[in-house]
Amino acid sequence: MAFQEATKLLQTLKTALGKGDLNGADAALSQLKLKLIQLPALPPTFEKTANAQQELLLGREVLEQAVLLALRKADEAGMERAFAQLRTYYNDTRPVLPPSSSELPLQGLDLLRLLVQNRIAEFHTQLELLAPEAQQDPAIKQPVQLEQWLMEGAYNKVLAASRAGASEVQGVLLAQLATTVRDEAASCAEKAYERLRLADAQRLLLFDSEAALRSYAEEHGWSVSADGYLCFKQAAAEGGAAAPTTASRAIPSLELINNALVYAKELERIV
């Protein structure tokens, strides 16, 4: 009885999700969780019932839909919980269940989530757990390429990828990744500059319009001077004061070069 009811609820969940009815999908998922508890073949018991394979397939698909629902709701914590449960099916039931066509796309989405959250160490840990052939799948290669661009500082490429024709679910995470990239660039700009021309700041922070830049600046407590400069917090606090002279900010180049040569000579002697 519980299996038949859960099967109907799964169809209701998929229909609601397909229509964009997130409240309806959420309600169906809540009922499904109660039904799945009644199925003994599911983790953690894995009882070998007469319908064990069908119950496991049902449980796996429910969690796959739960990941997509959490993503549509922009619920990163919910997505992480659902995928953690789903990983048990992907890892522990592989000998008894046929492969899921959704596995690699969802693995790719989870890698994207880790990039959005800037959890690079976990990103590489999860990537290493994938089989070499799985790592060649386009769904996995995309987040790997994005991570490489992030490490290189090629933020323009990341932004271009976020604007490319991605699926709806990918688009949600790619848009969040673009925001993460912009925030990282803004953090670097604050430390590197006291002020920037608006046109330069717009290009650096990857905005399409000056209005969008001004809105972002207001959110971060920056100001725009009358002569068309974006003043970061330090400069704004000083009333938009002019930048220090070149002499006061000069980098001791000769001293740095001399030190580097001394270190190189010492290393050569040690070797």
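Student: How many bridges join β2 to strand β3?

Tutor: Keep in mind that this is a predicted model. Strand β3 covers residues 229-231, and β2 and β3 run antiparallel. Within that pairing, Val-224 stands opposite Leu-230 in β3. The number of bridges joining β2 to β3 is two.

Student: Okay, and which strands stand at the edges of the sheet?

Tutor: The sheet is open, has three strands, and its order is β1-β3-β2. Each edge strand has a single partner, so one side of it is left without a neighbour in the sheet. That describes β1 (195-197) and β2 (223-224).

Student: Moving on to helix α9, why are its buried residues on the same side?

Tutor: Helix α9 spans residues 155-163, and its buried residues are Tyr-155, Val-158, Leu-159, Ala-161 and Ser-162. An α-helix has 3.6 residues a turn, so residues three or four places apart point the same way. The buried residues of α9 pack against α8 (138-152) and α10 (168-192). They sit on the same side of α9 because the arc they cover around the axis is only 160°.

Student: Last one: is Ser-100 buried or exposed?

Tutor: Ser-100 lies in the loop between α4 (76-92) and α5 (103-116). Leaving out residues up to four places away in sequence, Ser-100 touches Arg-60, Glu-64 and Tyr-90. Its side chain also reaches the backbone nitrogen of Ser-102 at 3.1 Å. The cut-off for buried is under 20% relative accessible area, and Ser-100 has 13%, so Ser-100 is buried.

How values were computed. Residues numbered from 1 in each chain as written. Predicted model: local features only at pLDDT ≥ 70, side-chain atom pairs only at ≥ 80, totals over all residues. Heavy atoms only, no water. Pairing = 2+ DSSP bridges. Helix = DSSP H or I, 4+ residues; strand = E, 2+ residues; numbered from the N terminus. Buried < 20%, exposed > 50% of the residue type's maximum accessible area, 1.4 Å probe, protein only. Arc of directions from axis to C-beta. Contact = heavy atoms within 4.5 Å. Polar contact = N/O pair within 3.5 Å; in protein donor to acceptor, adjacent residues only side chain to side chain.
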